[in-house]
Amino acid sequence: MKNVQIILNAILSKDIFEYILVDRKLHVISASQGVRKYVNAMPKEGDDVLEYLPELVGNEEEIKQIFIKKYCLYTLESVYKNNDYVNISVEYCDQNTAIILLHNITAITRAQQNLLQYSNESTLLYNTLQKVVDSQNTMLFVTNAEKIEFANKKFLNFFHAENIEEIQKKELKLYQKLDASLQNYRDLFASLKEGEKYLKLGKDIFIVQATQIEAAHTLFTLTKITDFPHEMQLDPLTGLYRKDYLNEMVEKSLQEKRNFALVVMDLDNFKQINDTYGHLTGDKVLKAFVMVLKQHIRKTDLLVRWGGDEFLLFLEDGSPENAILKIENIRKLIDEYHFETIDHLSCSFGLSYAKENDSVDSLLQRADKALYEAKIKGKNKVLFKEE
């Protein structure tokens, strides 16, 4: 019963309904359709957001600090908008974009009042919990480190499951869809501390958020994005596409039975650079690394940032031998390039080549295993994994 109450309190505090994206001038970039409910009109691109949310007037400078201070947050609680009470929070997306989230707390307040009547009735409390979470616009699920233990109806329906037991049989590892290097849901929670993440499931894109509700359990919310700005598909540091974009290209190429290689690359001893010279120097090294790669790949190839100092390369080529030769040339270029401040840097590469019945995951797993072996064998190497 205690765990159920903890989970309920966390869910009630994380009810995410609608959003508006704004630029540094607080002009609208895009908004979810449901925003109309609170502001009587659909915000248009370029509009001043203060016309729709006059509650923010007078706090413009404080809000603009969010673009400068990444972890800064501006919140207005219990704002009355068209017969509803909402919490309005402004959060960082990237250096040029902030997201305004509108949390409807009207139903939450009523639910909290109703639950007081059943504080000693665990069955009624659980039923109320299920009704509350099933009424949410977001997909909600609770995990321990390894598996999903609780989910709302919207989550079950999305994954074509009748109950939580069916979800557990599917052994959903959603953390690997976000980042293949993550090992469990605890890793996913840790990665979300670095900032909001975007997860693509099929053709849908979701904002992923998480709250630790006790030592062993975490609540995750998946909020569907209806209008996903192009710039939010890009890595803000390097300007490269994120992994989701590469997934689409690989899936399409597999369907068309095209010849291509997938390469995973990881900078050798990059942590030492950050520890010795600082993260600003580390960022400059990453940008220079990307510049060198871009100068030596074709327009038909696709370079993406996977995370940290790991990158992926889609390399369209006629044979594994040709792909290995090209990657070996790139390895030598990086090895011989003189980077500012640090001078020398090397990189390890793992390569897999598309075969019949391959998937994005199988290609990535082979390339990742090849990269692992390249690291073990001394780094600064190119290894190919066929099986």
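Trainee: In which element is the place of D84?

Mentor: Helices (H or I, at least four residues) and strands (E, at least two) are DSSP runs, numbered from the N terminus. By that numbering, D84 belongs to strand 4. Please bear in mind that this is a predicted model, in which local features need pLDDT of at least 70 and side-chain atom pairs count only at pLDDT 80 or more, whereas totals for chains, interfaces and linings use all residues. Residues are numbered from 1 along each chain as its sequence is written, and side-chain values use heavy atoms, with hydrogens and water left out.

Trainee: Is D84 buried or exposed?

Mentor: The classes rest on relative accessible area: buried is under 20%, exposed over 50%, and partly exposed in between (1.4 Å probe, protein chains only). D84 counts as buried because its relative accessibility is 11%.

Trainee: Which residues is D84 in contact with, leaving aside neighbours within four places in sequence?

Mentor: Contact means heavy atoms within 4.5 Å. On that basis D84 is in contact with K37, Y38, V79, N104 and T106. Of these, Y38 is 46 residues from D84 in sequence, with the two C-alpha atoms 7.8 Å apart.

Trainee: What joins strand 4 to strand 5?

Mentor: Eight bridges join strand 4 (residues 84-94) to strand 5 (residues 97-104), again in antiparallel fashion. Y92 stands opposite A98 in strand 5.

Trainee: In what order do the strands of this sheet lie?

Mentor: The sheet is open, with five strands in the order 2-1-5-4-3 and antiparallel pairing. Strand 2 (28-31) and strand 3 (74-81) are its edge strands, each pairing on one side only. For the angles, axes are lines fitted to C-alpha atoms, for helices over the stretch in contact, and values run from 0 to 180 degrees between N-to-C directions. The twist from one strand to the next averages 25°. Helix 3 (residues 60-68) packs on the sheet and touches strand 1 (18-22), strand 3, strand 4 and strand 5, its direction making about 40° with that of strand 4.

Trainee: Which strands form the sheet with mixed pairing?

Mentor: That open sheet has five strands in the order 12-13-11-14-15. Strand 12 (302-307) and strand 15 stand at the edges with a single partner strand each, so one side of each has no neighbour in the sheet. Strand 11 and strand 13 run antiparallel, joined by seven bridges, and D266 has E310 in strand 13 as its bridge partner. Helix 12 packs on this sheet, touching strand 11, strand 12, strand 13 and strand 14, at about 150° to the direction of strand 11.

Trainee: How is a nonpolar core read, and which residues touch the most other members of the largest one?

Mentor: In soluble globular proteins, nonpolar side chains tend to be buried together. A nonpolar core is a set of buried Ala, Val, Leu, Ile, Met, Phe, Trp, Tyr and Cys residues joined through side-chain atoms within 4.5 Å. Of the 31 residues in the largest core, M265, F289, L303, F311, L313, I327 and F349 touch the most other members. Helix 12 gives the largest share, seven residues. Apart from this core lies another, of 26 residues, including L50, L53, Y74 and I88.

Trainee: Where is confidence lowest, and where is it highest?

Mentor: pLDDT is the predictor's confidence in each residue, from 0 to 100. The chain has a mean of 83, and 84% of its residues reach 70 or more. Confidence is lowest in helix 1 (residues 2-12), with a mean of 49, and highest in strand 14, at 95. Over residues 118-122 pLDDT stays under 50, and the model has seven contacts for them beyond four places in sequence.

Key
Two strands pair if DSSP finds at least two bridges between them.
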